[in-house]
Structures are given as C-alpha cells and as structure tokens.
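I opened my notebook to look through this structure one piece at a time.

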Amino acid sequence: MSPRLTAVASEYDLCVVGLGARASQLAALACERGMAVAGFDPDPDAVARFNRGEVDAAWTERIEDGLAEGNLRAFDAATRARTYWVATPASLSSRGKVDTTAMDASIEVVLDAVEPGSLIVLDASVAPGTTRRAVAERLEELGLEVGVDVFVATLSLPPSGAPIVGGVTPACAERAAAFVSEVRDESSRQTSAEHAELARLAETSFREISSAFANELANVCSHLKLDIWEVLSLARATTGAELPSPTAGASGFRGQLEPELLASVCRHDTPLLQQAQQLNALRPARIVSDVRRLSKRFVNPTIACLGLTNPSDC
C-alpha cells in the first residue's frame with residue numbers, strides 16, 4: 001500500500017473539462033452553490049465563447065452571473081482543482097466506429113494536473129471498464145492509490161430517477177456522491193464504475209431496439225398501405241403497452257453512440273441490438289423513398305421536413 005499523501009490547497013473547487021452543454025449545466029449549478037469553477041477546453045475559440053457567456057440558452061444567465069462575479073472562468077489549460085469533471089464525449093467516425101481520441105486527450109490533461117486529494121469524475125458514455133482502465137490504473141502507475149490518495153468515479157444521469165454514481169472503490173463512490181449531492185441537491189445511487197457505465201448504455205440501447213420495432217412496423221404499414229398511426233392507436237388501447245412511435249433513424253447522437261459502445265463490448269452476445277442498429281440506419285433512406293413515391297402526383301413539389309433534429313446533448 002502506498003503512503004497517504006498530504007493534499008495541497010487547490011485554486012478552484014471544480015474544473016469542468018470539455019465546454020459542451022453538460023459542462024455548462026454543471027458549471028452553472030456549481031457557481032450557484034458558491035464554488036469557484038474553472039472550465040477547460042483545448043480549443044481557444046470554445047474558451048472564448050464560454051467566457052463571453054455563449055453557452056446553451058438554458059444556462060446563459062447563470063453562466064454570465066458566474067463570469068461577472070469572478071467565480072467562473074474558462075482556460076485552454078487545465079488548472080489545479082479539488083474536483084475534475086471530464087465531460088468530453090466520445091465521437092463516431094464516418095464509418096460509425098467509436099472514436100475516443102478527444103476524451104482520451106482530456107483525461108491525459110487531467111492526469112497531468114491532478115494532485116493528492118482530488119476527485120475525478122468521468123461524465124461520458126464509455127464502454128464498461130473504461131473509467132478503471134483509462135483513469136484509475138493510470139493514476140496507480142503514477143504512484144497514487146485510488147480510493148485513498150485520489151478518488152475516481154463515473155456518472156450516469158437517467159431521464160428519471162436519482163443520478164447513478166459508480167466508483168472504482170466504495171470510497172470513490174461515496175466521495176463522488178457527496179459532490180453530486182452538493183451540486184445538484186439530490187442523493188445518488190452508488191454502485192461500481194462498471195455497473196454505472198453499463199447502465200448508462202442500457203437505457204439508450206433499449207430505446208434503439210424499441211425504435212427499430214416501431215420503424216419495422218411502419219415499413220409493414222407502408223407495404224400494406226395502412227396508416228401506422230391508426231395501428232399504433234389501436235394497439236396501445238388494446239394492450240395498454242407504451243408502444244413507441246416510428247423515427248427517422250437512430251434517436252440523436254447518443255442513439256448512435258451508446259448502442260455501438262454496448263455492441264462493441266461483446267458482439268457475439270448482442271445480435272438483437274446490432275439488428276436494431278442496422279434497421280434504424282436504413283430508415284432515412286426508406287423515408288426518402290416513401291416521400292418520393294407519394295410526391296409524384298405533384299408538379300415541382302416543395303417539401304418541408306419537420307422534427308428531424310435532436311437536442312445537442314441527445
């Protein structure tokens with residue numbers, strides 16, 4: 001066991017890494033609780049926009065207040081902090097493969113800046129085991145005992161219910177849950193990092209599978225020249241089930257990323273999910289084909305497409 005190290009005073013209570021919508025929300029909430037908050041992003045333009053208060057509209061006023069009061073400032077270098085909140089997401093390549101380059105770079109910046117006593121929270125959709133492998137094991141290599149010298153956890157915020165905090169050790173989960181309670185004023189459910197990582201992927205992947213069924217049913221209705229909305233109305237009334245509505249494909253960025261993360265962990269055990277991904281990927285082309293077929297009766301038609309976008313953090 002490595003010796004306990006003496007924590008040093010930190011300049012900021014919190015450093016949010018990656019200045020997206022999730023980071024803006026956390027920074028705004030932390031400032032309201034009187035915390036000194038730093039933001040970090042390697043992109044100077046992103047830093048400049050943040051420091052001008054150009055963030056998600058829901059948090060603009062609170063971010064501007066924090067900037068004006070001197071409790072909040074963004075930088076293009078990581079600063080010393082008691083808590084590091086990594087909110088840099090993974091991305092998808094043009095071929096639909098998961099790319100963690102930006103997230104890995106953010107983790108490296110934090111590892112270079114972290115000091116004894118710090119808490120690191122990975123708030124991103126990742127494959128189970130990532131928090132332990134990419135953060136905790138790297139800290140151990142630096143001579144820091146996780147759960148004693150430093151604390152590492154991951155977070156899942158379900159659409160409803162309490163936040164899920166997954167710690168690399170029970171002590172890590174407790175430390176992270178205490179921080180979440182302080183910032184969000186709500187208790188968390190504590191578990192291991194791997195359980196929290198998989199739970200975050202499960203909810204979106206379930207919606208992907210449900211959407212695939214709805215899209216498949218819509219395809220059947222199109223073939224039979226039936227009204228999908230009438231079919232769904234009757235089925236819902238008959239069964240009482242919350243049957244989903246058809247979509248234009250995967251449900252936003254998370255709807256593409258998180259099922260792929262889950263499927264990539266164990267491809268031979270996820271045939272249903274992979275089939276759902278394939279079916280939803282074909283949905284946009286099917287819609288375009290149906291629109292072209294139905295619009296042939298018009299001369300030079302003007303076609304409006306409504307409801308095809310998703311919020312930036314979906």
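**Entry 1: a helix over the sheet.** I am working with a predicted model. I began with helix α7, residues 193-224, and looked up which strands it lies across. They are β8 (151-156), β9 (164-167) and β10, and α7 runs at about 110° to β10.

**Entry 2: the whole chain.** Next I stepped back and counted elements: the chain has 10 helices and 10 strands. I also looked up the box filled by its C-alpha atoms, which is roughly 75 × 45 × 35 Å along the principal axes. Of the 314 residues in the chain, 43% are buried. Then I took the contacts with a separation of 6 or more, and found that 69% of them come from residues 24 or more positions apart.

**Entry 3: the sheet.** In what order do the strands of the open sheet come? I read the order as β3-β2-β1-β4-β7-β8-β9-β10, which makes 8 strands with mixed pairing. The edge strands are β3 (72-75) and β10 (189-192), and each of these pairs on one side only. Ignoring direction, neighbouring strands of this sheet are turned by 25° against each other on average.

**Entry 4: strand β1.** I then followed β1, residues 12-17, to its neighbours. With β2 (residues 37-40) it runs parallel, joined by 4 bridges. With β4 (residues 81-86) strand β1 also runs parallel, and here I noted 5 bridges. Cys 15 stands opposite Ala 38 in β2.

Is β1 enclosed or open to the outside? I found 5 of its 6 residues buried, so β1 is largely enclosed by the rest of the structure.

**Entry 5: two helices crossing.** To describe two packed helices, I need the angle between their axes and the distance between the axes. For α1 (residues 21-32) and α3 (residues 60-69), the axes come within 9 Å and cross at roughly 55°. That makes α1 oblique to α3. I noted the crossing as left-handed.

Which residues make the contact? From α1 I listed Ser 24, Ala 27, Ala 28, Leu 29, Cys 31 and Glu 32. From α3 I listed Arg 62, Ile 63 and Gly 66. Sorted by class, the contact of α1 with α3 has 5 nonpolar, 2 polar and 2 charged residues.

Methods:
Residues are numbered from 1 along each chain as its sequence is written. This is a predicted model: local features need pLDDT of at least 70, side-chain atom pairs count only at pLDDT 80 or more; totals for chains, interfaces and linings use all residues. Side-chain values use heavy atoms; hydrogens and water are left out. Two strands pair if DSSP finds at least two bridges between them. Helices (H or I, at least four residues) and strands (E, at least two) are DSSP runs, numbered from the N terminus. Axes are lines fitted to C-alpha atoms, for helices over the stretch in contact, and angles run from 0 to 180 degrees between N-to-C directions. Contact means heavy atoms within 4.5 Å. Angles under 35 degrees count as roughly parallel, over 145 as roughly antiparallel, 65 to 115 as roughly perpendicular and the rest as oblique. A crossing is left-handed if the near helix is turned anticlockwise from the far one by less than a right angle, and right-handed if clockwise. Ala, Val, Leu, Ile, Met, Phe, Trp, Tyr, Cys and Pro count as nonpolar, Asp, Glu, Lys and Arg as charged, and the others, Gly among them, as polar. Buried means under 20% relative accessible area, exposed over 50%, partly exposed in between (1.4 Å probe, protein chains only).
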